[in-house]
Amino acid sequence: MEIRRVGVVGAGTMGNGIAHVFARAGYDVVLCDVEQRFLDRALGTISKNLDRELAKNKITADDKAAALSRIQAVTDRGKLADCDFAIEAATEKLEIKTEIFRDLDQTMKPEVILASNTSSISITKLGALTKRPDKVIGMHFFNPVPVMKLVEVIRGLATSQETFATVRDLAVKLEKTPVEVNDAPGFVSNRVLMPLLNEAMYAVMDGVATPEAVDEVFKLGMAHPMGPLTLADFIGLDVCLDIMRVMQSGLGDPKYRPCPLLIKMVDAGWLGRKSGRGFYKY
Ligand SMILES: NC(=O)c1ccc[n+]([C@@H]2O[C@H](COP(=O)([O-])OP(=O)(O)OC[C@H]3O[C@@H](n4cnc5c(N)ncnc54)[C@H](O)[C@@H]3O)[C@@H](O)[C@H]2O)c1
């Protein structure tokens, strides 16, 4: 089946970026969230991010207008029924994704692939909620989606080769680079990255160095574009904690124990850049 119309569930940080890259690549997009204000915010962000591409001469004003005109923003998920592909980018909570996958499985054509942009929840588990586990797959974009090249394409236990090949080719059509990964807690990206961020937090908690010093070590010594604590603030400390907990329970190894300082900061509402305070003040 040719994919022309794409449903995106969740219009937050990732959902708006995913809608942006599909619309820019010529797909019709139905973008769904639970409240109109989240959709308005997403459309504003997409417009602003397209302006950035315009300023860099990557697109023309006509391209921007065409991309925006391809996005239909809806609060009624039923409007995704005639889409040829769906990607879920809603809040990283299993109960939320469970409800969405069960519903999409009921309402969408049986041949449609259901992808998730989850950072850490099992693709195999999401597939098992549906009657089409062979057509459930992880399509893990990175933030900011219009800029970052990588897409981890995650095979659940039951994901078919045909589904994998379709999503891999779809990522290429979006001018991304797909990398094949098997389903496991944290996949590759977060399984390797999050323990680094968590360990940087332990270094601060244990008084080994200040956040600034830890970040300098990684920027100057390892040529990382941003230090681990700046990155943790950017990702969101609540998101980091959720992912560490998924890996701790899924892999069972004490090395995935979330840093107590991270837990304390999240309890205090210090969630990083988005809340104005994390390891740094914004
Ligand atoms: N932020 C990142 O850096 C990043 C990177 C890769 C993957 N992810 C993953 O992408 C997903 C979304 O993360 P985000 O950072 O965009 O979160 P976010 O909080 O910015 O956005 C989530 C959106 O989902 C919406 N939502 C919640 N329940 C919904 C429902 N039932 N139907 C439709 N929409 C619903 C919320 O209203 C919100 O607008 C998560 O699974 C996350 O793990 C995040």
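Trainee: Is Lys64 buried or exposed here?
Mentor: This is a predicted model, and in it Lys64 counts as buried because its relative accessibility is 16%, under the 20% cut-off.

Trainee: Where does Lys64 sit, and what is it in contact with?
Mentor: Lys64 belongs to helix H3, which covers residues 61–69. Leaving aside neighbours within four places in sequence, Lys64 is in contact with Ser47, Leu50, Asp51 and Ile59.

Trainee: OK, new topic. Which residues come nearest to the ligand?
Mentor: Met14, Asp33, Glu92, Lys97 and Ser119, out of 24 residues around the ligand.

Trainee: What are those 24 like by class?
Mentor: The shell has ten nonpolar, nine polar and five charged residues. Helices H1 (13–24), H2 (36–55) and H4 (94–107) each supply at least two of the shell residues, and H4 has the largest share, with three.

Trainee: Which side chains have an N or O atom by a ligand oxygen?
Mentor: Among them is Glu92, with a side-chain N or O atom 2.5 Å from a ligand oxygen. For Ser119 that distance is 2.7 Å. There's a backbone case too: a polar backbone atom of Thr13 is 3.0 Å from an oxygen of the ligand.

Trainee: How much of the ligand does the protein cover?
Mentor: It covers 83% of the 830 Å² of accessible area that the ligand has on its own.

How values were computed
Residues numbered from 1 in each chain as written. Predicted model: local features only at pLDDT ≥ 70, side-chain atom pairs only at ≥ 80, totals over all residues. Heavy atoms only, no water. Helix = DSSP H or I, 4+ residues; strand = E, 2+ residues; numbered from the N terminus. Buried < 20%, exposed > 50% of the residue type's maximum accessible area, 1.4 Å probe, protein only. Contact = heavy atoms within 4.5 Å. Near = heavy atom within 4 Å. Polar contact = N/O pair within 3.5 Å; in protein donor to acceptor, adjacent residues only side chain to side chain. Areas by Shrake-Rupley, 256 points an atom, 1.4 Å probe, with all protein chains shown as cover. Nonpolar A, V, L, I, M, F, W, Y, C, P; charged D, E, K, R; others polar.
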